[in-house]
Amino acid sequence: QVQLVESGGGLVQAGGSLRLSCAASGRAFSSYAMAWFRRAPGKEPLFVAAISNSGTTAYYVDPAKGRFTISRDNAKNTVYLQMNSLKPEDTGIYSCAATEYSSDWYQQYNMWSLYGSWGQGTQVTVSS
């Protein structure tokens with residue numbers, strides 16, 4: 001497994017931007033597909049975006065399309081989430097998650113139960 005630490009959250013006004021980072025340590029980062037989920041107490045994590053181990057394939061939840069961009073730098077063991085045009089409904093704790101890459105990922109990328117490693121999360125608050 002890998003250990004994940006997020007950073008970059010904060011308080012921003014609606015229409016603003018944030019860039020989240022997730023630093024990984026442990027086993028070979030380039031063998032893991034990565035994802036960002038939004039978490040709330042007592043609720044299942046909500047899928048936001050995912051990226052393949054090579055970075056060539058990315059998926060987004062519909063409300064994030066055109067506003068968020070997921071990317072990764074395997075040389076730095078880091079995955080990013082650039083969030084633009086933020087809205088109050090984007091508020092939440094954003095966690096990154098990792099799963100060992102397999103062909104199943106292309107059908108299951110948005111399932112939180114697929115991911116075995118999770119970070120603690122970083123708080124994003126968007127004020128209106």
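## Close-up views of a predicted protein chain

**View 1. The chain as a whole.** Of the contacts in the protein chain with a separation of 6 or more, 61% are between residues 24 or more positions apart (contact means heavy atoms within 4.5 Å). This is a predicted model, in which local features need pLDDT of at least 70 and side-chain atom pairs count only at pLDDT 80 or more, while totals for chains, interfaces and linings use all residues. Residues are numbered from 1 along each chain as its sequence is written, and side-chain values use heavy atoms, with hydrogens and water left out. The protein chain has one helix and eleven strands, taken as DSSP runs numbered from the N terminus (helices are H or I of at least four residues, strands E of at least two). Read from the N terminus, the elements follow the order β-β-β-β-β-β-β-β-β-α-β-β. The radius of gyration of the protein chain is 13 Å, close to the 14 Å from the globule rule for 128 residues, so the chain is as compact as a globular protein of that length. Here the radius is taken over C-alpha atoms, and the rule is 2.2 Å times the number of residues to the power 0.38. The C-alpha trace spans about 40 × 30 × 25 Å along its principal axes.

**View 2. Surface and interior.** The accessible surface of the protein chain is about 6,500 Å², and 48% of it belongs to carbon and sulfur atoms. These areas come from the Shrake-Rupley method with a 1.4 Å probe, and for residues only the protein chains shown count as cover. Of the 128 residues, 41% are buried. Buried stands for under 20% relative accessible area and exposed for over 50%, with partly exposed in between (1.4 Å probe, protein chains only).

View 3. In β1 (residues 2-7), Val2, Leu4 and Glu6 form the covered face, while Gln3, Val5 and Ser7 form the uncovered one. Strand β1 runs antiparallel to β3 (residues 18-26), and six bridges join them; strands pair if DSSP finds at least two bridges between them. You can find Ser7 opposite Ser21 of β3.

View 4. The partners are Cys22 and Cys96, with 1.9 Å from S to S. The link of Cys22 and Cys96 is right-handed, with 55° about the S-S bond. Both Cys22 and Cys96 are buried.

**View 5. Ser95 in its surroundings.** Ser95 belongs to strand β9 and is buried, with a relative accessibility of 0%. The side chains of Ser95 and Arg39 make a polar contact of 3.5 Å. A polar contact is a pair of N or O atoms within 3.5 Å; within protein, one must be able to donate a hydrogen and the other to accept it, and residues adjacent in sequence count only if both atoms are side-chain atoms. Leaving out residues up to four places away in sequence, Ser95 touches several others, including Glu6, Trp36, Phe37 and Trp118.

View 6. Strands β4 and β5 are antiparallel and share five bridges, and Phe37 sits opposite Phe47 of β5. Their hairpin has six residues between the strands, and Gly42 takes a positive phi near 80° there. Three bridges also join β5 to the antiparallel strand β6 (residues 58-60), with Tyr59 in β6 as the bridge partner of Ala50. The hairpin of β5 and β6 has six residues between the strands, with Gly55 at a positive phi near 85°.

**View 7. Gln82 in strand β8.** Look for Gln82 in β8 (residues 78-83), where this residue is partly exposed at a relative accessible area of 26%. The side chains of Gln82 and Asn84 are joined by a polar contact of 2.9 Å. Apart from neighbours within four places in sequence, Gln82 is in contact with Ser17, Leu18, Arg19, Arg67, Phe68 and Thr69.

**View 8. Ala28 in a loop.** Ala28 is in the loop between β3 and β4 (32-39) and is partly exposed, with a relative accessible area of 49%. Its C-alpha atom is separated by 9.7 Å from that of Glu100, 72 residues apart along the chain.

Conventions
A disulfide is a pair of cysteine sulfur atoms within 2.5 Å.
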